[in-house]
Amino acid sequence: MKHSTTLQTRRSHRGPARRIGRSLALVLPVVLVLSGTLAVTLVNWTGSPAGSVLTASDITSSEVAPKAAAHAPEDVLRDRLMSELREENPGVVLTHLQEAVNGHPSLARHCTSIARSLGRAAVRIYGASRAQSYARPVCDTSFATGVLAAHA
């Protein structure tokens, strides 16, 4: 008889905690998914002023097509410099990168990634040691970093 009262006592002590735990296990994932979905839908992904929140039905196909065809200025610069790298040595291309950044300061935040890309491409074209010989402090020595990354 003592055995049954001990078992009942043990069950009664973990009953409310277990019910709360089970409830949380069922409700918490639903709450997290819904709050994440709500957060994603409220973020302004369009880049337009913060006052306007668009839904998917607000965008027509005629508005999407011109934006998809337009290239970002940093992508245009990267493509131009990559094609120039095939015809000119990396020193000339790095000079043009520096001139582009000086002329358009908004490109400065992309300078590092462009210089790294140029460094990796220069290794493919010229080899590691020759590409490294053109390295200079354009965009915080990112060209040299790109050469090193492509060589390793």
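The model is predicted, so local features need pLDDT of at least 70 and side-chain atom pairs count only at pLDDT 80 or more, while totals for chains, interfaces and linings use all residues. Residues are numbered from 1 along each chain as its sequence is written, and side-chain values use heavy atoms, with hydrogens and water left out.

The largest nonpolar core has 25 residues, of which Leu-77, Leu-81, Leu-85, Leu-97, Leu-118 and Phe-143 touch the most other members. Such a core is a set of buried Ala, Val, Leu, Ile, Met, Phe, Trp, Tyr and Cys residues joined through side-chain atoms within 4.5 Å; buried means under 20% relative accessible area, exposed over 50% and partly exposed in between, with a 1.4 Å probe and protein chains only. At least two core residues come from each of H3 (73-87), H4 (90-103), H5 (108-126), H6 (128-133) and H7 (142-151), and H5 gives the most, eight. Helices are DSSP runs (H or I, at least four residues) numbered from the N terminus. Beyond its neighbours within four places in sequence, Leu-77 is in contact with Leu-97, Ala-100, Leu-107 and Ile-114, contact being heavy atoms within 4.5 Å.

Among the buried residues of H5 are His-110, Ile-114, Leu-118 and Tyr-126, and their cover includes H3, H4, H6 and H7. Just after H5, Gly-127 takes a positive phi of about 90°.

Elsewhere, Val-27 lies in helix H1 (residues 2-42). Val-27 counts as partly exposed because its relative accessibility is 46%.
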